[in-house]
Amino acid sequence: MSRPVVVAVEPGSAAEVAGLAVGDEVVSIDGVVPTDVIAWQLLLDEADPSLEIVRAGSAVQLDVSKDAGVRLGAEVNAAIFDRVQTCDNHCEFCFIYQLPPGLRRSLYLKDDDYRLSFLYGNFTTLTRFTELDLERVTDERLSPLYVSIHATDPDVRSRMLRNPRGATSLRWLGALLDGCIEVHGQVVVCPGVNDGAVLADTLLGVLDRFGSLATLAVVPLGVSSHQRESAMRPHTAAEAAAVIDLCEGWQRRFLDVLGRRLVFAADEYYLLAERPFPDASTYGEFPMHEDGIGMARAFEQEFWAAAPDAPDDGNGAPQARAPAAGFFSWVDGAPAEGYRAVRVPGHGANRSGEVDAEGLPLSLGSLPVNVPVNVPVNVIVSRRPRRVRPDVDRPIGVLTGTYGAAVLEPLVTAWRTGAAASEGSGVPDVRVIEVSNRFFGGNIGVTGLLAGADIATTLAGEPQGHRYVLADVCLSGGRFLDGKTPAELPQPVEIVPTSGTALRQLLDAAVRSESARASGNEAAPHPAGAAR
């Protein structure tokens, strides 16, 4: 078991006053050895905790003076201090098996740990769940959790997981729901395996046995070019349409019986079937946004609500729903507040206004630098010093994945038309640049799985001197999945929050700058953080 190591201490906090320092290893808190960041926060939530630490090889005791409920003001280097509960399933559709070689080792770790489900929204199959786990979850109210269902038929589920415990482990799902734990379910649909009649039977099983599930996400199988299972293949457009029809039919049944839709098909299905997305109201509060359910409608809603003259519907602007900064972010560090990483509106990372050592929004696993808290989120980085033209009158290229391009293109086109109608010629050229995912290959088209190498290849063929914008969901700890950083790209990029609000504000600011330049009212500024 490793000890939690302090990686950041908040100035003026109880931790700093007590003398806690970066690099300290925490052995125990009030005599209790914490096994994970959940226990860490619960123990430190008490008044006047006593910490036993190791500093430079010597044991030190620190007595912290603070009231109950007051934050300690320190962050540690990991979410799990004992051992991550690894997955002993051998699912043929598992994406970990489809990763290319040569990535950092942590990305290849398969977890099936309910703690990471609670902390980061990872999905667990519950095949390694125990009575002790159930007791802790219900006693400490570790909610919500995220459970991979895939099929409610025991034989189908055990075959899909390639684990005989898969036939019985859903009993824990029932126990969690009986304990009033909020649980979100997921079905990864594999064509010819658990679609069609099997999927219909699964939805019937959910209604019959697990009707108190918060939501059920039905998502398509992702198949990379590194897939070694010959039976696994992408959906056809007709199969995607069939999944949509089945889910929407069952939504009506769930509405009749439970009073809510419960099941939702992923956005990817609508893109593949070339069907319009359901209305935003269908998704309620977008509880499965990070699983690709309603993400397109949420982005669109944020984009139009961010307009300066957007009508007020009485409910205020929609909350920005930026996903966690980067896929696999859980492997790189503990969340900011001990539980799930704080979603700072319009930021997409876990601390407001802070950047890491490379000038990127501070994300999980990053180490802070001493900078003012009002540093702009939009930061330009480049591989070598160069003079950058002012933002004014510079064409803008929005870099995104295949699915992102399908969502962004109509939004940007409609915005450009409206801006031109109101501003005349003072509208910069804006285009959506699709980045093909050659790193993973196959049908992988989400923006969050773009690798630095593919972005670099795309940028190398784009004109010099334009503004290039990239969503921060591509990054974890300031790095792409292949280990590259934005500073290694062949052209400067602006890393912006993954939200419709952020994109709309950037585009509107470009129009205002151009209008000001055209009227001669102000000089064009350099973009914040630009290399000069």
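The model described here is predicted. The chain contains 13 helices and 14 strands. Of its 532 residues, 54% are buried. When contacts between residues at least 6 apart in sequence are considered, 72% of them join residues at least 24 apart.

Strand 2 and strand 3 (residues 50-55) run antiparallel and are joined by four bridges. To find this pairing in the structure, one can look for Val26, whose bridge partner in strand 3 is Ile53.

Strand 7 pairs with strand 6 in the parallel sense over four bridges, and Gly185 of strand 7 is the bridge partner of Val147. Strand 7 also pairs with strand 8 (residues 215-220), again in the parallel sense, over six bridges. Here Gln186 has Ala217 of strand 8 as its bridge partner.

Turning to the helices, two packed helices are described by the angle between their axes and the distance between the axes. For helix 7 (residues 196-209) and helix 8 (residues 237-258), the angle is about 20 degrees and the axes are 11 Å apart. Helix 7 and helix 8 are therefore roughly parallel to each other, and helix 7 passes helix 8 in a right-handed crossing. On the helix 7 side, the contact is made by Gly196, Leu199, Ala200, Leu203, Leu204, Val206 and Leu207, while helix 8 contributes Val243, Leu246, Trp250, Phe254, Val257 and Leu258. Twelve of these contact residues are nonpolar, one is polar and none is charged.

Helix 12 (residues 452-460) can be followed through its buried residues, which are Gly452, Asp454, Ile455, Ala456, Thr458 and Leu459. These residues pack against four strands: strand 11 (396-400), strand 12 (430-434), strand 13 (467-471) and strand 14 (493-496).

Finally, some backbone details in the loops deserve a look. Most residues other than glycine have a negative phi, and most peptide bonds are trans. The peptide bond from Ser143 to Pro144, however, is cis, with omega near 10 degrees. Pro144 lies in the loop between helix 4 (131-140) and strand 6 (145-148). Asp48, although not a glycine, has a positive phi of about 50 degrees. Asp48 sits in the loop between helix 2 (37-44) and strand 3 and is partly exposed, with a relative accessible area of 48%. Leu262 is another residue other than glycine with a positive phi, in this case near 65 degrees. Leu262 belongs to the loop between helix 8 and strand 9 (263-265), and at 2% relative accessibility Leu262 counts as buried.

Definitions and conventions
Residues are numbered from 1 along each chain as its sequence is written. This is a predicted model: local features need pLDDT of at least 70, side-chain atom pairs count only at pLDDT 80 or more; totals for chains, interfaces and linings use all residues. Side-chain values use heavy atoms; hydrogens and water are left out. Buried means under 20% relative accessible area, exposed over 50%, partly exposed in between (1.4 Å probe, protein chains only). Helices (H or I, at least four residues) and strands (E, at least two) are DSSP runs, numbered from the N terminus. Contact means heavy atoms within 4.5 Å. Two strands pair if DSSP finds at least two bridges between them. Axes are lines fitted to C-alpha atoms, for helices over the stretch in contact, and angles run from 0 to 180 degrees between N-to-C directions. Angles under 35 degrees count as roughly parallel, over 145 as roughly antiparallel, 65 to 115 as roughly perpendicular and the rest as oblique. A crossing is left-handed if the near helix is turned anticlockwise from the far one by less than a right angle, and right-handed if clockwise. Ala, Val, Leu, Ile, Met, Phe, Trp, Tyr, Cys and Pro count as nonpolar, Asp, Glu, Lys and Arg as charged, and the others, Gly among them, as polar.
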